[in-house]
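Subject: Structure handover

Hi,

Here is the structure we talked about. Please load it and read the notes below alongside it.

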Amino acid sequence: MADPTGDYISSLFAREDELLISLREEADRSGLPPISISPDEGRLLQVLLRAIGARRVLEVGTLGGYSAIWMARALPADGELLSIELDPDHAAFATRYIARAGLEARVRIRVGRALDVLPALDGELFDAVFLDADKEPLPTYLEWALRLVRPGGLVMADNALWGGKVIDPNVDDAATRAVREFNQRFASEPRLTGIVVPTHDGVAIGIINE
Ligand code: SAH
Ligand code: DHB
Ligand code: MG
């Protein structure tokens, strides 16, 4: 996705180090889909996590670990990021890079379908959740996020604009309908104070009201 103003922001605030550059290059060579978050989005997630003093974060959709590394770097040394990934090859790739980043103590990957893993987490509390997996279940992922995040914590989601398809009246596929439904619920949910910012492909950001 060409994003010249995003690139300008990234060049100032979100320069990738060698590790993140080589992660992306190897992910491309290995045939992983090129759908990681952007550097400016990584920086936005870091700012938000730092703003709430996050120690414990849940991610849905690890891919190669790119967003996990951005987020884990914003956590304290004893912080914890749990990331759920369906594809064992993606999880293995991410595990390798998380170790290379020296973050193996802070990041754990749970391999499985999010809709199977999330119920097993019921009763746990996270400071923040980042939703970035398949789109059809997004309304259900939002329900889980509302259960699993503490008051004052953050619910964040990638792809809230879904390449502009959310506002295209000619698009009516299941994923796009689900992103629209997610955004509508996110906007009207009384437990959240939320917004979508247009960084990258749209980032939904909501604070759980205390
Ligand atoms: N957050 C990553 C990108 C995630 S891409 C980053 O920015 O670096 C979406 C990922 O979600 C893919 O790796 C895909 O395998 C995974 N995924 C898709 N459906 C899933 C499901 N039902 N449960 C868990 N993971 C899923
Ligand atoms: C796609 C992009 C994403 O960022 C994501 O999380 C899932 C899917 C896509 O373009 O298909
Ligand atoms: Mg995404």
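Below is what turned up around the ligand and the metal. Keep in mind that this is a predicted model.

Ligand 2 first. The space it takes is the largest pocket. The residues around ligand 2 are I35, D132, A133, K135, D158, N159 and W162. By class, that shell splits into three nonpolar, one polar and three charged residues.

- N159: a side-chain N or O atom is 2.8 Å from a ligand oxygen.
- D158: a polar side-chain atom lies 3.3 Å from a ligand oxygen.
- I35: here a backbone N or O atom is involved, 3.3 Å from a ligand oxygen.

On its own, ligand 2 has 290 Å² of accessible area, and the protein covers 66% of that.

Now the metal. Which residues coordinate the magnesium ion (ligand 3)? They are D132 (OD), D158 (OD) and N159 (OD1), at 1.9 to 2.1 Å. Along the chain, these donors follow the spacing D-x25-D-N. D132 and D158 are 26 residues apart and link distant parts of the chain. D132 is in the loop between strand 4 (126–131) and helix 7 (138–148). D158 is in the loop between strand 5 (149–157) and helix 8 (174–188).

Best wishes

Terms used. Residues numbered from 1 in each chain as written. Chains lettered and ligands numbered in written order. Predicted model: local features only at pLDDT ≥ 70, side-chain atom pairs only at ≥ 80, totals over all residues. Heavy atoms only, no water. Near = heavy atom within 4 Å. Polar contact = N/O pair within 3.5 Å; in protein donor to acceptor, adjacent residues only side chain to side chain. Areas by Shrake-Rupley, 256 points an atom, 1.4 Å probe, with all protein chains shown as cover. 1 Å grid on protein atoms, 1.4 Å probe; cavity = no way out; pocket = protein on both sides within 12 Å on 5 of 7 lines; lining within 4 Å. Sits in = over half its atoms within 2 Å of the grid points. Nonpolar A, V, L, I, M, F, W, Y, C, P; charged D, E, K, R; others polar. Donors = N, O, S within 2.8 Å, 3.2 Å for Na, K, Ca; no water. Helix = DSSP H or I, 4+ residues; strand = E, 2+ residues; numbered from the N terminus.
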